[in-house]
Amino acid sequence: MKPASQNIVIYWLGLILGLVILLGLGQLIRFRIDLTEDQRYSLHEATEAVLDSLREDIHVEILLSGEDLPAGMRRLQRSIEEQVRTFDAYSDRKISFSYFDPLSLAEEEQEEFILQLADYGINPTTLFVNQAAGQQTKLIFPGILIYSEEFETGALVLKGEKGMGEEQILNQSIENLEFELSNAIRKLTRSDMGALAMIIGHEEMKEDDGYGLVEALDGDFEIFKVPLEQARTVQDLVNFKIIFIQGPQQAFSEREIYLLDQYVMQGGNLVILSDGVQVDVREAGGEGTLAMPYENGLENLLFKYGVRINKDLIQDLNFGYFPVMGGNFGDQEQLVPLPWPFYIQSTRMYPHPITKGLDLIYLRFASSLDTVLAPGVKKTPLFFTSDLSRILTAPVRVAFSDMQREPDIAQFPMQNLPLAYLLEGEFTSLYKNRFLPEGFEQSEFKESGKGKVVVIGDGELFQSQSDFQSGRPLNLGEDPFNQNIYANRLLLRNLAQYLDNPEGIIASRTRSFQIRPLNRVKISQERTKWQLINVGLPVVFLLLFGGAVAAIRRKKYSR
């Protein structure tokens, strides 16, 4: 064998050996370098912690499938796949994926499967697709199912605020993919759940007895109904991650208010949903009724923390509907939905992890909120009314007959009224420099502390409604009048996650990716030039390179 031939063999053997070593190291040492400006292929620390806690392989089933999807849906489809691959790269366990079209099932199986998807909040969406035969409709399921060896869960991935354009909704959905996927994995693998309290004893939750809250947070928290009057010390409350007070109709005692105050001083999370007035909608027929102000004993506590629930009602021209009897059809009474400005459809969301990307939030008889001075407390409004709102100070006339008149837009001059506030920071106790209620020791009293308080001027926001025919309670956010599904359930879940752990996976909802749309005018003007560059330049380069190599070889062997 000639020396030159030996050198070539050694060269190729060394190259192959080097590649084998690199491949081996690649299996032992895994790393990724994200060179994108907005770090879209990197994960939040809380997401990495969720993946580190995985003890078994999981599989993701992508329901958004099909070859004839519009460009936007294909982009979302690719983004889901890329996100799953990113999760797999960061995890020590295998995270695989596949595509599945629910419409490929047999008809009898299909209906049952679609109902199962609805339990996870995955509802079908109708798209209009341009095809050779013309524009046709296509049903898609923009969600994912996640399986472990024993359990499964699911998540909707296409979400956006009302009024957003298609590109904005898609971009926001892509931004939230990390949260949706990591939250589903967390629910699938979570072994311990925090405890949550619903206060009872003051005629709270009269409409659904807590069903809406329990159903929405099932699997995330253990939920207990707690009669506050039976709590002896604040230590009976501190183990609860969150305490909810929903629509109390009777006043809290001084002792109960002290316990709530000290719970916040101990770092607790308190959510108060309370009406500023009392109104019985069953009395709104005929001449109507009056919504009257009332006190529930929480006014001074909230004022000290920096928020006041006013004795009024908000009306908004972005309204819902209320059914009234509109006569008989044969022997059946007919329900006619009429506009009801007391029922507010809120579409304005503050860009906060709790509310970012939510669709319509539905409120019934909401009171306005004002902020007051509270040093050390940060006040964040979460969602708002529309540009056409007004405040009616109590007593407020509430009558169905008013719905028969066209509203005068000139009488709705207000806009962006805050409907909920998140309070965070260093709170000062209501009982600082005051006598404590009887039975409590001064030595155990805390005059300040870091907690979180959420205040909403609608006591029914997280209470589910009932089906007219069967009387069964509906899932939170379902409207029995018009079959709409509002975002109240998602709002509650985001709120609970943020209060439980604001630095957890809920923080990944703050991520944003820059949309870089192509200049359509420039594309039209320069299409031919760029087609020649993209198609012709590589061919010219290969011809020149091949010619150069051939010339070198001829010169070398001609000697």
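This briefing covers the fold, strand pairing, enclosed spaces and selected residues of one chain. The model is predicted. The chain has 559 residues, and 45% of them are buried. Its secondary structure amounts to eleven helices and 25 strands. Of the contacts between residues at least 6 apart in sequence, 75% link residues that are at least 24 apart.

**Strand E1 and its partners**

- Strand E1 spans residues 58–62 and is mostly covered, with four of its five residues buried.
- E1 pairs with strand E2 (residues 95–99) in the parallel sense, and five bridges connect the two.
- Within this pairing, glutamate 61 lies opposite serine 98 of E2.
- E1 also pairs with strand E5 (residues 143–147), here in the antiparallel sense and over four bridges.
- On that side, valine 60 faces isoleucine 146 of E5 as its opposite residue.
- As a general point, side chains in a regular strand alternate between the two faces of the sheet.

**Cavities**

- Three cavities of 30 Å³ or more are present in the structure.
- The largest cavity holds about 90 Å³ of space.
- Its lining consists of 13 residues, and those nearest the centre of the largest cavity are Tyr362, Gln463, Gln465, Gly477 and Asn488.
- Sorted by class, the lining of the largest cavity comprises four nonpolar, five polar and four charged residues.
- The second largest cavity holds about 50 Å³.
- The second largest cavity is lined by Leu63, Ser65, Asp101, Leu103, Lys138, Leu139, Ile140 and Phe141.
- Five of the residues lining the second largest cavity are nonpolar, one is polar and two are charged.

**Second largest pocket**

- The second largest pocket has a volume of about 930 Å³.
- Strand E11 (277–278), strand E15 (319–329) and strand E16 (332–346) are the elements that each supply two or more residues to the lining of the second largest pocket.
- E15 contributes the most to this lining, with three residues.
- In total 28 residues line the second largest pocket, and Glu207, Asp280, Val281, Arg364 and Glu460 are the ones nearest its centre.
- The class breakdown for the lining of the second largest pocket is 13 nonpolar, seven polar and eight charged residues.

**Serine 182**

- Serine 182 sits in helix H6, which covers residues 177–189.
- Serine 182 counts as buried because its relative accessibility is 0%, and the cut-off for buried is under 20%.
- Its side chain comes to 3.2 Å from the backbone oxygen of phenylalanine 179.
- Leaving aside residues up to four places away in sequence, serine 182 is in contact with Thr47, Val50, Phe87 and Ile505.

**Backbone features in loops**

- The peptide bond between alanine 394 and proline 395 is cis, with omega near 0 degrees.
- Proline 395 belongs to the loop between strand E22 (389–393) and strand E23 (396–398).
- Aspartate 209 has a positive phi, near 55 degrees, although the residue is not glycine.
- Aspartate 209 is placed in the loop between strand E7 (194–200) and helix H7 (211–217).
- Phenylalanine 365 is likewise a residue other than glycine with a positive phi, near 60 degrees.
- The loop that holds phenylalanine 365 lies between strand E18 (361–364) and strand E19 (369–371).
- Phenylalanine 365 has a relative accessible area of 8% and is therefore buried, given the limit of under 20%.

**Phenylalanine 481**

- Phenylalanine 481 is located in the loop between strand E25 (448–456) and helix H10 (488–500).
- Apart from residues up to four places away in sequence, phenylalanine 481 touches Tyr321, Phe322, Pro323, Gln465 and Phe468.
- Among these contacts, Gln465 is also one of the residues nearest the centre of the largest cavity.
- Phenylalanine 481 and serine 466 are separated by 15 residues in sequence, and their C-alpha atoms are 10.0 Å apart in space.

Definitions and conventions
Residues numbered from 1 in each chain as written. Predicted model: local features only at pLDDT ≥ 70, side-chain atom pairs only at ≥ 80, totals over all residues. Heavy atoms only, no water. Buried < 20%, exposed > 50% of the residue type's maximum accessible area, 1.4 Å probe, protein only. Pairing = 2+ DSSP bridges. 1 Å grid on protein atoms, 1.4 Å probe; cavity = no way out; pocket = protein on both sides within 12 Å on 5 of 7 lines; lining within 4 Å. Points joined across faces, edges and corners; volume = space filled by probe spheres on them. Nonpolar A, V, L, I, M, F, W, Y, C, P; charged D, E, K, R; others polar. Polar contact = N/O pair within 3.5 Å; in protein donor to acceptor, adjacent residues only side chain to side chain. Contact = heavy atoms within 4.5 Å.
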